[in-house]
Amino acid sequence: MGEHYFAPQPGAASRRRTVDLVLPDLHLRLETDRGVFSPDRVDAGTRILLETVPPPPAEGDLLDLGCGYGPIALTMARRSPQASVYGVDVNERALDLARSNAQAAGLDVVRFCLADEIDPALRFAAIWSNPPIRIGKAALHDLLLAWLPRLAPGGLAHLVVQKHLGSDSLQRWLDAQGFPTERIASRSAYRVLAVSPRTGRPTESDPA
């Protein structure tokens, strides 16, 4: 998981290395470091997300929420080179790595930044995320409620969550918040959820 990967300034001493993301349509060599999410390999959930989601929109603004060192955002950019891709994280070490990885991959048009550096009026045609479940349920809900309302009409968010970390209860909660949510894949104890823009007012949320 990495030590305090959701902290703005990780306390772990830096020790950089590289990992490979190999998918049927691309191969990226990515630099990682201690203190970021999954520094020793591309996380299984991230890989499952990238292997199962439909292609991102060819144009428009796309978001990787909780981008880490960049595997999701860079995959979006490679698959949709005419789109504008953003990666958001709180971990400044991860953001520095993501910028370096984008430059090395020739994808330096991707913008990696803190949340408050993105224009609040921006609306996203797609949001992909391996969300930071371990920040706690309340903080996770706040994060999703901050970003999912920024889906453009007709846009979709795709989230990957482990079953034992609450994927099914998260799906019920999202539905209760007015975001129609469908499970589109289930593999190796991970669920990939497709979340549509909000259609109504929140109802009583699932307590689990």
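## Legends to close-up views of a predicted model

**View 1. The protein chain as a whole.** Of the 208 residues of the protein chain, 50% count as buried, and the model shown here is a predicted one. The chain holds 5 helices and 9 strands, which follow one another from the N terminus in the order β-β-α-β-α-β-α-β-β-α-β-α-β-β. Along its principal axes the C-alpha trace spans about 45 × 35 × 35 Å. The radius of gyration of the protein chain is 16 Å, which agrees with the value near 17 Å that a compact globule of 208 residues would have.

**View 2. The surface and charges of the protein chain.** The accessible surface of the protein chain comes to about 9,700 Å², and 49% of this area belongs to carbon and sulfur atoms. The side chains of the protein chain include 23 that are positive and 24 that are negative, with the centres of these two sets lying 5 Å apart.

**View 3. The aromatic pair of Tyr-86 and Phe-124.** The count of aromatic pairs comes to 2. In the pair shown here, the ring centres of Tyr-86 and Phe-124 are 6.1 Å apart and the ring planes stand at 75 degrees, so the pair is edge-to-face, given that planes over 60 degrees apart are counted in that way. Tyr-86 belongs to strand β4 (residues 84-88) and Phe-124 to strand β6 (residues 124-129), so the pair ties together parts that are 38 residues apart in sequence. Tyr-86 is buried, with a relative accessible area of 15%, and Phe-124 also counts as buried, at 0% relative accessibility.

**View 4. The aromatic pair of Phe-124 and Trp-147.** The ring of Phe-124 also pairs with that of Trp-147, with centres 6.3 Å apart and planes at 50 degrees, so the pair is tilted. Phe-124 lies in strand β6 whereas Trp-147 lies in helix α4 (residues 137-147), so this pair ties together parts that are 23 residues apart in sequence. Both Phe-124 and Trp-147 are buried. Through ring pairs, Tyr-86, Phe-124 and Trp-147 are linked into a cluster.

**View 5. Helix α5 and the elements that cover it.** Helix α5 (167-176) is mostly covered, since 7 of its 10 residues are buried. These buried residues are Ser-167, Ser-169, Leu-170, Gln-171, Trp-173, Leu-174 and Ala-176. What covers the buried residues of α5 includes helix α4 together with the strands β7, β8 (181-187) and β9 (190-195). Just after α5, the residue Gly-178 takes a positive phi of about 95 degrees.

View 6. Lys-163 has its place in the loop between β7 (151-162) and α5 (167-176). With a relative accessible area of 45%, Lys-163 is partly exposed. When its neighbours within four places in sequence are left aside, Lys-163 is in contact with Asp-168, Ala-189 and Arg-191. By comparison, Lys-163 and Ser-196 are 33 residues apart along the chain, and their C-alpha atoms are separated by 20 Å.

Definitions and conventions:
Residues are numbered from 1 along each chain as its sequence is written. This is a predicted model: local features need pLDDT of at least 70, side-chain atom pairs count only at pLDDT 80 or more; totals for chains, interfaces and linings use all residues. Side-chain values use heavy atoms; hydrogens and water are left out. Rings of Phe, Tyr and Trp (its six-membered ring) pair if their centres lie within 6.5 Å; planes under 30 degrees apart count as stacked, over 60 as edge-to-face and the rest as tilted. Helices (H or I, at least four residues) and strands (E, at least two) are DSSP runs, numbered from the N terminus. Buried means under 20% relative accessible area, exposed over 50%, partly exposed in between (1.4 Å probe, protein chains only). The radius of gyration is taken over C-alpha atoms; the globule rule is 2.2 Å times the number of residues to the power 0.38. Accessible areas come from the Shrake-Rupley method with a 1.4 Å probe; for residues, only the protein chains shown count as cover. Lys and Arg count as positive and Asp and Glu as negative; His and the chain ends are not counted. The place of a charge is taken as NZ of Lys, CZ of Arg, CG of Asp or CD of Glu. Contact means heavy atoms within 4.5 Å.
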